[in-house]
Amino acid sequence: MSKLVKSWIPIVFFAVLPGLMVLASYLMPAWGLVDLRNRLIEWAVIVAAFTFMLGIFNILQVHGRRLSRRRSGWFYSLVLVVAMALAMLPPIFSIPLLNVPESTWMWADRLIFDDIITPVGATLAALVAFVLLAAAFRLLRTRHSAEALLFLVVVIVTLLGTTPLVGGEWLADVRYWLITVPGMAGMRGLLLGVGLGIMITALRVFIGDEHPYTDL
C-alpha cells in the first residue's frame, strides 16, 4: 500500500490531472476550465522561476567552491560568475524601490546586450562555419563516401555564398536555394520529430509510465 501511494499519488495529482485539465481546456474552452488552465500555467511559471533561481544558486555554489580552492579552470569560473553578476545588474536596478533613474539601467542593459552579448554571439556563429568546414574535411579524410563529399560541397558553397565575390552572385542564389528548400525541409522534419517526441513523452506521463520527477 505504501509503495502504491508513493508511486501513484504524485503521478496522478501532479502530472496526470493537471495535464488532462489543461488539455481539456483547449478541447472544451468552457469558462471554468480556461480559468483553471490559466491558474495552473501561472503556478507553473512561478515554479519555473524558483527553479531558475535554484539553478543560479547552484552555479554560484559550484563555481564559488572551485574559485575558493583554486581548482583547474578556476579562471573560467571567475569569468562566469562576473558575467552573471553583471548581467543581473540591469534587472536589479530596474526595481522601483531602488529609485535608480531609468536612463542608467537602460544604458547598462544596452551595454551588456548590444555591445557584449551580441558581438560575442556573432563571433561564435562565425566560428561555427569554420568548425563545420574543418569537420567536413576531416569526414572526407576518414570516410570516402558521396555523403561526405556532398556535405563538404554544401559547406563550401554556403560559405562562399555569404562573401561578396565579384561574379559570384550565382553562389548567393545557390546558397539561398540550399537554405530555403533542402535546409528548410530538414528543419521541418526535425521540428516534426521533436513534436512527436513531446507528444509521446506527454502520453507516457499521463498514463503513468514515465515519472522523471520521482526516484522510482
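**View 1. Arg 39 and Glu 42 within helix α2.** Arg 39 and Glu 42 both belong to helix α2, 3 residues apart, about one turn of the helix; helices are DSSP runs (H or I, at least four residues) numbered from the N terminus. The two residues form a salt bridge, their closest N and O atoms lying 3.7 Å apart; the term denotes a side-chain nitrogen of Lys or Arg within 4 Å of a carboxyl oxygen of Asp or Glu. In the whole structure, 1 salt bridge is found. Arg 39 is partly exposed at 41% relative accessible area, and Glu 42 is partly exposed at 46% (buried means under 20%, exposed over 50%, partly exposed in between; 1.4 Å probe, protein chains only).

The model is predicted: local features need pLDDT of at least 70, side-chain atom pairs count only at pLDDT 80 or more, and totals for chains, interfaces and linings use all residues. Residues are numbered from 1 along each chain as its sequence is written, and side-chain values use heavy atoms, with hydrogens and water left out.

**View 2. Arg 37, a buried residue of helix α2.** Helix α2 (residues 31–69) contains Arg 37. Arg 37 is buried but has no salt bridge, and the nearest side chain of opposite charge, Asp 35, is 9.5 Å away. (Lys and Arg count as positive, Asp and Glu as negative; His and the chain ends are not counted.) Apart from neighbours within four places in sequence, Arg 37 is in contact (heavy atoms within 4.5 Å) with Val 22, Ser 25 and Tyr 26.

**View 3. Leu 89 in helix α3.** Leu 89 lies in helix α3 (residues 74–93). Leu 89 is partly exposed, with a relative accessible area of 33%.

How values were computed. Helices (H or I, at least four residues) and strands (E, at least two) are DSSP runs, numbered from the N terminus.
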